[in-house]
Amino acid sequence: MILILSGGVHADSTNKMLALHVEQLCKKQNTPAEFIELASFDIPLLNPANKDLSSPTQDVVKLREKFEKATGFYITTPEYNGGITPVLSNALNSVFNFVYFPKNTMDPIINKPALTGSASPSIYGATKACSILNSQLLHMGAILCPFSVSLSKSHEMFDQDGKLSNPEAEKRLKQGVETLINLAAR
Ligand SMILES: Cc1cc2nc3c(=O)[nH]c(=O)nc-3n(C[C@H](O)[C@H](O)[C@H](O)COP(=O)(O)O)c2cc1C
């Protein structure tokens, strides 16, 4: 199962549209995939000074279980001030946390393939955020797909039904998904 996350969580997030599109691409390849709406999970802001949060919420445990079951990941993010979004950062740091999960902290991600992406209305496609995401996932032990898929001018890349309408972007995304599926099947 490919676990799919978007660091953009608002209703018309183009990263979320990309994530939902990748979910469909996986299914078309007969590969089970699940998009997780991070905003619907109770993931409190990780704050070691808050003694009420010395153990994970049920949703953090549930999200970690989804990482455990997954054979690979697609994660796409908007860029906030040159980095990944706080929602995505908080989710990753809550799930991969040696205080909450002291035993085998990194097991659910280590040696599993990850395809990353980003999307931004700017001409730069949030590539800085994508690089930072790559760096973090690598640090955590994931195997990165050889290329990421970043979308510039993302607000122009979808039609009125929210479908990806740019052939080049579609081609690149399909290549990435195929690579991810092949790596996940090994
Ligand atoms: C706090 C904040 C910082 C931002 N910083 C950047 C940035 O560094 N680079 C960029 O391309 N867009 C930046 N943006 C604009 C986002 O790319 C845009 O709002 C949007 O999140 C794009 O992704 P989405 O369609 O998935 O929401 C920023 C937005 C916010 C709210």
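Predicted model: local features only at pLDDT ≥ 70, side-chain atom pairs only at ≥ 80, totals over all residues.
Tutor: Two strands pair if DSSP finds at least two bridges between them.

Student: What makes E1 and E2 a pair?

Tutor: E1 and E2 are joined by 4 bridges, and the rule asks for at least two, so they count as paired. The two strands run parallel. Within this pairing, Ile4 stands opposite Phe35 of E2.

Student: How do you know that E1 and E3 pair, and in which sense, parallel or antiparallel?

Tutor: There are 5 bridges between E1 and strand E3 (residues 72-77). The requirement is at least two, so this is a pair as well. The sense is parallel. Ile4 stands opposite Tyr74 in E3.

Student: Which elements make up the β-α-β unit, and what is its hand?

Tutor: The unit consists of E1, H1 and E2, and it is right-handed. With the strands pointing away from the viewer, the path from E1 over H1 to E2 runs clockwise, which is why the term applies.

Student: How many residues of strand E1 are buried?

Tutor: In E1 (residues 2-6), 5 of its 5 residues are buried.

Student: Which residues lie on each face of E1?

Tutor: Ile2, Ile4 and Ser6 are on one side, with Leu3 and Leu5 on the other, and both faces are covered. In a regular strand the side chains alternate between the two faces of the sheet.

Student: Which residues have the most contacts inside the largest nonpolar core?

Tutor: That core has 47 residues, and the ones with the most contacts inside it include Ile2, Ile4, Tyr74 and Leu180. Leu180 touches Ile2 and Tyr74, among others, when residues up to four places away in sequence are not counted.

Student: Why is Asn30 called exposed?

Tutor: Asn30 has 7 other C-beta atoms within 10 Å, and exposed means 12 or fewer, so Asn30 qualifies. Asn30 lies in the loop between helix H1 (14-28) and strand E2 (33-36). Its phi is near 60 degrees, a positive value in a residue other than glycine.

Student: And Asn104: what makes that residue exposed?

Tutor: The count for Asn104 is 10 C-beta neighbours inside 10 Å. The limit is 12 or fewer, so Asn104 is exposed. Asn104 sits in the loop between helix H3 (86-95) and strand E4 (113-119), and its phi, near 50 degrees, is positive in a residue other than glycine.

Terms used: Residues numbered from 1 in each chain as written. Buried ≥ 20, exposed ≤ 12 C-beta atoms within 10 Å, placed from the backbone. Core = buried A, V, L, I, M, F, W, Y, C linked by C-beta atoms within 7 Å. Contact = placed C-beta atoms within 7 Å.
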